[in-house]
Amino acid sequence: MDEKTLHSAKEKMEKTIAAFKNELSKLRTGRASVSILDIVKVDYYGTLTPISQMASVSTPDARQIVIQPWDIKAIGLIEKAILASDLGLTPINDGKVVRIAIPPLTEERRKDLTKVIGKMLEEARVSIRNIRRVAIDDLKKSEKDKLLTEDESKTLQKKVQTITDEHMKKIDELAEKKNKELMEV
């Protein structure tokens with residue numbers, strides 16, 4: 001029961017970090033990143049298809065994304081889907097590839113994105129704290145049910161706190177890294 005609780009808490013915290021990383025990757029900074037197109041779906045033969053499943057997507061430089069569809073007929077559909085998305089990007093279609101120039105962010109937009117990152121960070125922290133609370137409650141219940149001694153329970157609670165601290169540090173580092181990336185010109 002005791003090690004199982006620790007393992008479960010750690011696993012859930014890892015999932016929280018993975019979800020946080022995924023959310024951060026969707027934020028558009030002033031730098032080209034293929035992951036910002038992950039949310040764009042193209043209506044391709046009646047099926048909403050991610051761009052990455054119908055084209056090769058690359059970033060030849062820090063300010064440009066190039067999309068080369070495998071089916072040349074889909075080029076217009078890809079262009080329309082990007083325009084319809086709320087990314088604020090303007091694709092340029094040359095008949096063979098779609099190019100997207102990533103404009104530099106304004107100071108105001110950078111500040112807004114910093115606030116968004118802060119909100120996402122706090123949500124991730126709350127999630128990790130909730131996981132910690134559930135794990136500690138489980139340990140206290142096991143102690144009350146005489147499945148653990150008081151000393152075992154206290155030791156395991158300290159381990160849960162250590163795991164929590166490690167994961168909090170990880171998400172803080174991820175947010176700090178994203179904020180630095182955002183502030184680069």
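**Strand pairing and helix packing in the predicted model**

The mean pLDDT of this predicted model is 87, and 96% of the residues reach 70 or more. Confidence is lowest in strand S1, with a mean of 87. Confidence is highest in helix H4, at 92.

The strands are described next. Strand S1 spans residues 41-44 and strand S2 spans residues 47-50. The two run antiparallel and are joined by four bridges. Within this pairing, Asp43 lies opposite Leu48 of S2. S1 and S2 form a hairpin with two residues between the strands. Tyr45 in this hairpin adopts a positive phi near 55°.

Four other strands build an open sheet in the order S3-S4-S6-S5, and the pairing is antiparallel. Strand S3 (55-61) and S5 are the edge strands, as each pairs on one side only. On average, neighbouring strands of this sheet are turned by 25° against each other, with direction ignored.

Strand S6, residues 98-101, pairs with both S4 and S5. Strand S4 covers residues 64-69 and is held to S6 by four bridges, in antiparallel fashion. Two of the residue pairings can be named here. Ile67 has Val98 of S6 as its bridge partner. Ile65 is partnered by Ile100, also in S6. Strand S5, residues 91-93, contributes three bridges to S6, again in the antiparallel sense. The hairpin of S5 and S6 leaves four residues between the strands. Gly95 of that hairpin has a positive phi near 95°.

The two faces of S6 contrast. Val98 and Ile100 make up a covered face. Arg99 and Ala101 make up an uncovered one. In a regular strand, side chains alternate between the two faces of the sheet. The bridge partners can be set beside these faces. Val98, on the covered face, is the partner of Ile67. Ile100, also on the covered face, is the partner of Ile65.

Ile75, Ile78, Ala81 and Ile82 are buried. These four residues lie on the same side of H2 because they cover an arc of only 125° around the axis. Lys80, Leu83 and Ala84 are exposed on the other side of H2. An α-helix has 3.6 residues a turn, so residues three or four places apart point the same way.

Helices H3 and H4 pack against each other. H3 comprises residues 107-144, and H4 comprises residues 150-183. Their axes come within 10 Å and cross at roughly 170°. Because angles over 145 degrees count as roughly antiparallel, H3 is roughly antiparallel to H4. The contact of H3 with H4 contains 15 nonpolar, seven polar and nine charged residues.

Leu182 belongs to H4. Its relative accessibility is 1%. Residues under 20% relative accessible area are classed as buried, and Leu182 is therefore buried. The C-alpha atom of Leu182 is separated from that of Arg110 by 6.5 Å. Along the chain, Leu182 and Arg110 are 72 residues apart.

Note on methods. Residues are numbered from 1 along each chain as its sequence is written. This is a predicted model: local features need pLDDT of at least 70, side-chain atom pairs count only at pLDDT 80 or more; totals for chains, interfaces and linings use all residues. Side-chain values use heavy atoms; hydrogens and water are left out. Buried means under 20% relative accessible area, exposed over 50%, partly exposed in between (1.4 Å probe, protein chains only). Two strands pair if DSSP finds at least two bridges between them. Axes are lines fitted to C-alpha atoms, for helices over the stretch in contact, and angles run from 0 to 180 degrees between N-to-C directions. Angles under 35 degrees count as roughly parallel, over 145 as roughly antiparallel, 65 to 115 as roughly perpendicular and the rest as oblique. Ala, Val, Leu, Ile, Met, Phe, Trp, Tyr, Cys and Pro count as nonpolar, Asp, Glu, Lys and Arg as charged, and the others, Gly among them, as polar. pLDDT is the predictor's confidence in each residue, from 0 to 100. The arc is that of the directions from the helix axis to the C-beta atoms.
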